[in-house]
Structure formats: structure tokens, C-alpha cells
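Dear colleague,

Please find the structure below, together with its sequence. My notes on it follow.

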Amino acid sequence: MTDYSGEQRNELEALESIYPDSFTVLSENPPSFTITVTSEAGENDETVQTTLKFTHSEKHPDETPLYEIFSPENLEDNDVSSILKLLALQAEENLGMVMIFTLQTAVQEKLNEIVDQIKTRREEEKKQKEEAEKQLFHGTPVTIENFLNWKAKFDAELLEIKKKRMKEEQAGKNKLSGKQLFETDHNLDTSDIQFLEDAGNNVEVGESLFQEMDDLEPEDDEDDPDYDPADPESDLTD
């Protein structure tokens, strides 16, 4: 009969001695503990890290342990998903054997791969940025094909501008001045009178009006026989 409790106790003691700084016991029944796993430093000293929580099942190692991931640092969601899949695969492959050390080692190697991927991704981003800057300064290379395309487009735009200008100039030539309008239409000299007649505002001027105005003119003082220019009062005797 397998002594599951004994095997689990021996495994915990071994793990504590291997990972003295990152191994933490959470409970003894059921046995539960965490191991913090950190990758090797990358080229720029960047690291990724996560904490694995394991809980022994009653018949471990003939049954897979329960496992969770806590506090991932510098890991994306797809990285966490790939780590969980890796743990599931390794646990199935190692049934019947003490496996926590194997699981932790597999995660350690995965984290190192992720650091390398970060380095590769940064190098690729740097390369793309440099290529974009080159395109910005050098522009598009001129070929016979793209030059002819540009020339055809330029000629079409120039033709439209010329047509528009000619149309505007023709419109200016067809526009008559005030003198030209008067010479062209002889009715313009009587248009105001015609307008007044149409509106019922025709005004008739009689000769009697001017005759009456003549009667209003003042008499000349020199025609008065009693008028003496040297005597101002002579004009008042009347």
C-alpha cells in the first residue's frame, strides 16, 4: 500500500531545501504551498516572474496536484495561458512520480523562453522603426511606371486649371459696361419715365404754374417815384 502522506512529506522537505527563499508553506492539511519562479535576466536585465501555488490531492503523486498562477510580472495573458497548458501536460506525463520539482523546472524554462521572445520582439520593433525612418528620408523610388502615372495625373489637373481660367476670361469678355448697355438698349433713356407711368405716378407740369411764379417776384424800389436812396425812411412812407 502506497504511503501517500509520507511521499508528500518527503517532497515538501526536498522542495524547501531546494528553494529556501521562494518556498512558502500555506497549510499542512491538505499540504499547500507556493514557489516563486523568476526567469534568468535578459540582455537589458529584464525578467519575468510568477508564483505557482500547489495543493496535494489525497493520492498524490498518483493524482495530479491542483495548481494556480499568482502575481505574474511582465507576462501577457497569452503567456499565462501557455504556462497553464504546460503544467497540465507535464502533470499528466509524470503521474505516479513526485512531480512538483519537474513542474517548477518546466515553468522556469518557459519563463526563460519568454524573456528571449521579448528580446526578439524588441529587436524586430527596432528594425521596423529604422526601416520606417529610412522610408521617410528616402521617399518612394522613382520608376518609369510611377513617373508616367504621376505625369498623366499632373497633365489632367493642369488641363482642368486651363479650362477653368479660359471660362472665367470668356465670362469677363461677355460682360458689358454701363455705356455699352446704354448704347445697346435705347429704351434705357426713357425707362425711368415709363416706370413712373406704369406705377401711376405720372406728373403733369402746366405753364400756368410758371406764370403764377412771375407774379410773386418782388417789385424794384427804383420804380417808386418817392424812393430816395439817401433817406432810409422814404421807403416807409407807403
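The phi of Asn74 is near 65 degrees, a positive value in a residue other than glycine. Asn74 is exposed, at a relative accessible area of 57%; exposed means over 50%, buried under 20% and partly exposed in between (1.4 Å probe, protein chains only). Ser71, in strand E4, likewise has a positive phi, near 50 degrees.

As to the source, this is a predicted model, in which local features need pLDDT of at least 70 and side-chain atom pairs count only at pLDDT 80 or more, while totals for chains, interfaces and linings use all residues. Residues are numbered from 1 along each chain as its sequence is written, and side-chain values use heavy atoms, with hydrogens and water left out.

Two cis peptide bonds should be noted. Asn29 and Pro30 are joined by one with omega of about -5 degrees, and Pro30 is in the loop between strand E1 (23-28) and E2. His60 and Pro61 are joined by another, with omega of about 20 degrees; Pro61 lies in the loop between E3 and E4. Most peptide bonds are trans, and most residues other than glycine have a negative phi.

Glu58 forms a negative surface patch with Asp3, Glu7, Asp62 and Glu63. Patches are made of residues with over 30% relative accessible area and no salt bridge, like charges being joined within 9 Å and nonpolar side chains (Val, Leu, Ile, Met, Phe, Trp, Tyr) within 5 Å. A salt bridge is a side-chain nitrogen of Lys or Arg within 4 Å of a carboxyl oxygen of Asp or Glu. Asp and Glu count as negative, Lys and Arg as positive, and His and the chain ends are not counted; each charge is placed at NZ of Lys, CZ of Arg, CG of Asp or CD of Glu.

Yours sincerely

Methods. Areas by Shrake-Rupley, 256 points an atom, 1.4 Å probe, with all protein chains shown as cover. Helix = DSSP H or I, 4+ residues; strand = E, 2+ residues; numbered from the N terminus.
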